[in-house]
Amino acid sequence: MVGSYPQPDWLVDRQMLGTRLPPRVRAREIWRIPPDFLEQAQDDATVVGIRDIERTGVDIVTDGGIRREG
């Protein structure tokens, strides 16, 4: 099982994400995609992650936490 799959660089600003420490509120500033398109971009990244996980032969497939902020 894959718990946290790496978010693609086109989706999240890793440098900004690295400056965020829990606890925190929603970190909208880490996302590279404008708010109007963020949900679709997260869906697309989730599909890419799931396909990668399936190709490895993992038995239990999850969304990999693509929408997480940390």
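R55 counts as exposed, because its relative accessibility is 64%; exposed means over 50% relative accessible area, buried under 20%, and partly exposed in between, with a 1.4 Å probe and protein chains only. Before we go on, remember that this is a predicted model, where local features need pLDDT of at least 70, side-chain atom pairs count only at pLDDT 80 or more, and totals for chains, interfaces and linings use all residues. Residues are numbered from 1 along each chain as its sequence is written, and side-chain values use heavy atoms, leaving out hydrogens and water.

So what does R55 meet? Its side chain joins that of D52 in a salt bridge, 2.2 Å from N to O. By salt bridge I mean a side-chain nitrogen of Lys or Arg within 4 Å of a carboxyl oxygen of Asp or Glu. D52 and R55 sit 3 residues apart in helix α2, so about one helical turn separates them. D52 is partly exposed, at 25%.

Helices here are DSSP runs of H or I with at least four residues, strands are E runs of at least two, and both are numbered from the N terminus. The protein chain has 2 helices and 0 strands.

Which residue pairs with D43? That is R67, in a salt bridge of 2.1 Å, N to O. D43 lies in α2 and R67 in the segment after α2, so the pair ties together parts 24 residues apart in sequence.

Finally, the buried residues of α2 include L38, A45 and I53. Just after the helix, G57 takes a positive phi of about 90°.
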